[in-house]
Amino acid sequence: MRKIILSILGLALIAGAVVVAQMIIDSKRKTKPRSSKVVKTVFVDTVKNRTIPIQIAANGNLTAKRRLELFSEVQGIFKGGAKLFKTGQKYSSGQTLIRIDASEYYATVQSAKSNLYNLITSIMPDLRLDYPEIYDKWQNYLINFDMNKVTPELPESTSEKEKYFITGRNIHATYYNVKNLEQRLAKYRISAPFNGVLIEALVTEGTLIRQGQKLGEFIDAGVYEMEVAIGKEYSDLLKVGEAVELSDLNKTNTYTGIVTRVNERIDQASQTVTTFIEVKDQSLKEGMYLEANLNTRNEEDAIEIDRSLLQEEDKIFVVRDSILDIVTVKPVYFSDKKVVLKGVPDETIILSKSVPGAYAGMLVKIYKDKTNINVLSDTSASTAKK
């Protein structure tokens, strides 16, 4: 009897412990809140197709359009002039850039000129006796002959007898020998062919200059060219004389350039065409890096949006009755940040800013702030003007 009572008590204790444990577990359970449907607010634009100018972005370094690499054709000691031959030195047209000591060679030239003068003087008695009709012509030549000036051109022969007589006395050969020496004497002085600045100086005063040695580089600092590579598909759209907008890397300064040359040859490796843009500005320097936007063609009935809004390369999101939908479009041109599309009907409402996690059928709410509602054509127009 005692065992039965103890068994009943044990079962009762176990049952009570189970009930208490279940009550404790139930007390720790939290009621799950009912999930509310989230409706995202989106920014939209209303489509209005228009003419979009296709601009190709290109870049390159400026090089002087007129440049002169200075080489010596003679040998001698570099003599100083009115201006120091230093990098950055400016010269006007006709000013002496380099002067090489030519005193020894100058004496040789003067000796040859003296021989010519003496040779012509020796024939004057024969001319007076045998050819009196041409005597005055050669007499005037001797009178105007100046040893310190360039040798004047010989009088023109008016008859066969005169020609044979002058040639037989070796006057023509002596004359052309003198002119050859004078031409070489002129190479001891190099003058500036245009107004410019010296950007490279490889010699200094007192340097022994050798024949064929490079002396420096001289450029016209007023006119520069930029060489850019354009895809072959746009090569037939570029026109010589077209204005191009240029800017520096910081977009702080803008310049206007002109397309001056378009190469007719396509680079086989890159399939691009070399285009040259001329720009003039006093603030520009050789080697400066600039970016250019070239207008190639106008795309009719198109819109321009951010590339981030394009899905799968040919789809965009539109809003229809507060629900997102996807439509297929036709991209016609991609830039770094923008894409030009065709095939989007007017008055279509599209997203103007990307929505994370967007999908077709998603319920959305359009942002109603009137100050932020744009018409897509106006937004694109302001973008194109920048």
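This is a predicted model: local features need pLDDT of at least 70, side-chain atom pairs count only at pLDDT 80 or more; totals for chains, interfaces and linings use all residues.
1. Glu-225 is a buried residue, because its relative accessible area is 7%, which falls under the 20% limit for burial.

2. The side chain of Glu-225 takes part in a salt bridge with Arg-261, with an N to O distance of 2.5 Å. Arg-261 belongs to strand E14 (residues 254-266) and Glu-225 to strand E12, so this pair ties together parts that lie 36 residues apart in sequence. Arg-261 has a relative accessible area of 37% and is therefore partly exposed, whereas Glu-225 is buried.

3. Across the whole structure, a search finds 18 salt bridges. One of them joins the side chains of Asp-126 and Arg-169, at 2.8 Å from N to O. This pair links distant parts of the chain, 43 residues apart: Asp-126 is in helix H2 (residues 103-130), while Arg-169 is in the loop between helix H4 (160-168) and helix H5 (171-186). Asp-126 counts as partly exposed because its relative accessibility is 26%. Arg-169 is likewise partly exposed, with a relative accessible area of 31%.

4. A further salt bridge connects Lys-315 with Asp-314, and the closest N and O atoms of the two are 3.3 Å apart. Lys-315 is partly exposed, since its relative accessible area is 22%. Asp-314 is also partly exposed, with a value of 26%. Elsewhere, salt bridges with shared partners bring Arg-67, Glu-69, Glu-200, Lys-214, Glu-217 and Glu-286 together in one network.

5. The side chain of Asp-220 does reach the backbone nitrogen of Gly-222, at 3.1 Å. Asp-220 is located in the loop between strand E11 (214-219) and strand E12 (223-231). Strand E12 is also the strand that holds Glu-225.

6. Asp-301 counts as exposed because its relative accessibility is 53%, and the exposed class begins over 50%.

7. A nonpolar patch is also present on the surface, made up of Ile-5, Leu-6 and Leu-9. Together these residues have about 290 Å² of accessible area. Leu-6 is placed in helix H1 (residues 2-28), and with a relative accessibility of 52% this leucine counts as exposed.

8. The last point concerns Lys-48, which is in the loop between strand E2 (44-46) and strand E3 (50-64). Lys-48 counts as partly exposed because its relative accessibility is 49%. Lys-48 and Val-344 are 296 residues apart in sequence, and their C-alpha atoms are 8.8 Å apart in space.

Notes. Residues are numbered from 1 along each chain as its sequence is written. Side-chain values use heavy atoms; hydrogens and water are left out. Buried means under 20% relative accessible area, exposed over 50%, partly exposed in between (1.4 Å probe, protein chains only). Helices (H or I, at least four residues) and strands (E, at least two) are DSSP runs, numbered from the N terminus. A polar contact is a pair of N or O atoms within 3.5 Å; within protein, one must be able to donate a hydrogen and the other to accept it, and residues adjacent in sequence count only if both atoms are side-chain atoms. A salt bridge is a side-chain nitrogen of Lys or Arg within 4 Å of a carboxyl oxygen of Asp or Glu. Patches are made of residues with over 30% relative accessible area and no salt bridge: like charges are joined within 9 Å, nonpolar side chains (Val, Leu, Ile, Met, Phe, Trp, Tyr) within 5 Å. Accessible areas come from the Shrake-Rupley method with a 1.4 Å probe; for residues, only the protein chains shown count as cover.
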